[in-house]
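Take a first look at the structure below. Have the sequence at hand as you read.

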Amino acid sequence: MSIIRIKNLHKVYSQKQIPVKALNGVDLTFDEGEFTALVAPSGAGKTTFLNLLGGLDLPTEGSVEIGGVRIDQLSSAEKTKFRLTNIGFVFQAYNLIPVLTASENIEFIMELQGISKRERAVRSRELLEAVGIPDKANVRPLQLSGGQQQRVAVARALASKPKFVLADEPTANLDSKSTENLLDIMLQLNKKENITFIFATHDARVVKMARRVITFEDGKVINDEVR
Amino acid sequence: MILKIAWRNIWRNPLRSWIVIAALIVGMYAGVFTTTFMYGWMMQRLKSGIETETSHIQIQKPGFKLAEDVNLFFESDTLIRDLERQGDIVCASGRLVVSAMVASAEKAVGIQVLGVDAGKDSLVVDVSEKLVEGAWFSGVKRHPVVVGQELAKELKLKLRSKLIVRFQDCNGDFTGGAFRVAGIFKTNNTGFDGGNMFVRDADLQKLLLIPKGMSHQIVIRCTDPTRVDIVRNSIEQFAKGLRVESWREISPELGYITETMNAYMYVFVMIILMALGFGVVNTMLMVVMERVHEIGMLMAIGMKRHQIFQMIVYETSMLALVGGLIGVAAGIITTHWTGKSGINLSMWAEGLAEMGYDSIIYPQYNFQMVSGVVGLVLFTGLVASVYPAIKALKLNPSQALQSV
């Protein structure tokens, strides 16, 4: 069953009064439990697509419907609330809160959701175990390696029990061993908890593991392959 | 957790934070210490003004103060007995007051002569404790007089020097007598020292031809200085036909001291805080601009705009509070320290004494004032946080995430 429906999605940026078409009529649907890679060269519209899917930006035209909700029609506050409960983000540059420890980073999202302190501590421990770094709970991001930081970022993305996770180039800054470990973790979580993962990537290792690969070019979907 | 993030954010750039905190410490220290210094100074003036010059309350016939008519006396003995039965009054003492010409072998000057009950008057005002030479009406048998140091200087008087006092009696005839200096006093106010002399009421009574038991004025000392106005109002109920005035009415300039002082202190502290506030705003704007990407991320993961606002406000307020509180604490410690030892301004003693001020200042801490300053620091922190916080709120999450 499709949880995400995207219809005729357009996004035009105005750069120095010259319109730049980042997305040019994208129609896609995503089912629950997908492990999908969006593949494209730089500037082809992957990040723009993820931003629109995550409600971080507004489309110029078209609609984004997630679980029956048109997120492009929500107010800013409603979108924030929607993101908090439905979407997990993993960024290329990890983007952890530098002044919080690994477990605090994970718990922070749950605190925003209003989850009790005890429950937060339990889930944070579980997630750190799931991503394989239970011993790093009290360590701040800058004292962790890139791979470890990205594992914390994945754990944080899953802390709110989201319907799907949007990952923008999550392996771009990682070495091959860290990439392999991280992908294994995400694949396991995908299978075990049926969480939908959508990656924007041009990393061949991610593409290899994806069950669906969507290729973008010039803001359009040119290929949609289910394996 | 937002509070925790805000607190830890302050220490991400310790040097920058400490520079802002140091500026706040210096500013607040200067603000608090200057205000406690001024407050102590003014309170000293107020205390000496009331306890030496005016007393807490005075009673006299209406018009006496303006006309200085020696015939405006009233029966005071019964009233004094009634007053002293009041629980709020330490002592009440009658006085005869006359304007006179005083002449020594050297010179003659115009002066106010106060005829006092030597024993009781010293319980109301403390001139008898300000003697620098001689004694309070002892050591001279006939017509002793206690003069201020300033008058003694002007008339070149020493202990036991003779002086002639001339004034009009109740019949309008010129009269006078010879007095001898029994004591010389020195207060903080050279004007008072040069314009007043004290004689025994019995001596003045005879010369003025005023019957016994009569006074021109009753001076009163209350048990609690804060209840002066209440006591004044209750006296007014039974002192019919007489004018009852508190020190505020007798010497309005003393009353203005406290009122203007409070206003002055707050204006002064607000100017300091305004200058510091701009520094804090500048720092926090830098902080927000440096963290655009991070703020974008926080918005992306679900932090609401009001929570972002809250975080910036907490951060700014805590910065202001840390600096402000250390500055206030340092100001209070210095006040305690100098409040005991005093600050010597004797270099300017002459000028200060002419205005009635002491040259050794004892800074005084005032809870209401210091808590007001702390409140203003917090307020400045809040105000200074608004603009940077609004800047943060205007960020678009997707654009913020793209910034480096």
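The report below goes from an annotated span to helices, strands and single residues.

This is a predicted model, in which local features need pLDDT of at least 70, side-chain atom pairs count only at pLDDT 80 or more, and totals for chains, interfaces and linings use all residues. Residues are numbered from 1 along each chain as its sequence is written, chains are lettered from A and ligands numbered from 1 in the order in which they are written, and side-chain values use heavy atoms, with hydrogens and water left out.

**An annotated span**

An unreviewed UniProt entry lists residues 17-237 of chain B as "domain: MacB-like periplasmic core". UniProt positions follow the numbering used here, feature names are shortened, and annotations may be inferred rather than shown by experiment. In the model, this span of chain B is 39% helix and 32% strand. Its end C-alpha atoms lie 62 Å apart. Helices (H or I, at least four residues) and strands (E, at least two) are DSSP runs, numbered from the N terminus.

**Helix packing in chain B**

Helix H13 (residues 305-341) of chain B packs against two helices described here, H15 (residues 367-393) and H2 (residues 14-54). Axes are lines fitted to C-alpha atoms, for helices over the stretch in contact, and angles run from 0 to 180 degrees between N-to-C directions.

| Helix pair | Angle | Axis separation |
|---|---|---|
| H13(B) and H15(B) | about 150° | 7 Å apart |
| H2(B) and H13(B) | roughly 35° | within 7 Å |

H13(B) and H15(B) are therefore roughly antiparallel. Angles under 35 degrees count as roughly parallel, over 145 as roughly antiparallel, 65 to 115 as roughly perpendicular and the rest as oblique. The crossing of H13(B) and H15(B) is right-handed. Its contact residues are 22 nonpolar, five polar and one charged. H2(B) also passes H13(B) in a right-handed crossing. That contact has 15 nonpolar, nine polar and no charged residues. Ala, Val, Leu, Ile, Met, Phe, Trp, Tyr, Cys and Pro count as nonpolar, Asp, Glu, Lys and Arg as charged, and the others, Gly among them, as polar. A crossing is left-handed if the near helix is turned anticlockwise from the far one by less than a right angle, and right-handed if clockwise.

**A buried strand in chain B**

How many of the five residues of strand E9 of chain B are buried? Four are, so E9(B) (residues 196-200) is largely enclosed by the rest of the structure. Buried means under 20% relative accessible area, exposed over 50%, partly exposed in between (1.4 Å probe, protein chains only). Strand E4 (residues 108-116) of chain B runs parallel to E9(B), joined by five bridges. Here B:Gly115 stands opposite B:Val199. Strand E6 (residues 144-148) of chain B pairs with E9(B) in the antiparallel sense over three bridges. B:Val146 stands opposite B:Phe198. Two strands pair if DSSP finds at least two bridges between them.

**A sheet in chain A**

Six strands of chain A form an open sheet of mixed pairing, in the order E6-E7-E8-E3-E9-E10. Its edge strands are E6 (87-90) and E10 (220-226), each pairing on one side only. Neighbouring strands are turned by 15° against each other on average, direction ignored. Strands E3 (residues 35-39) and E8 (residues 196-201) of chain A pair in the parallel sense over five bridges. A:Val39 stands opposite A:Thr201 in E8(A).

**Two buried residues**

A:Ala167 lies in strand E7 (residues 164-168) of chain A. A:Ala167 is buried, at 0% relative accessibility. Its C-alpha atom is 5.9 Å from that of A:Phe91, 76 residues apart along the chain. B:Leu155 is in the loop between helix H6 (149-154) and strand E7 (162-168) of chain B. B:Leu155 is buried too, with a relative accessible area of 0%. The C-alpha atoms of B:Leu155 and B:Met297 are separated by 85 Å.
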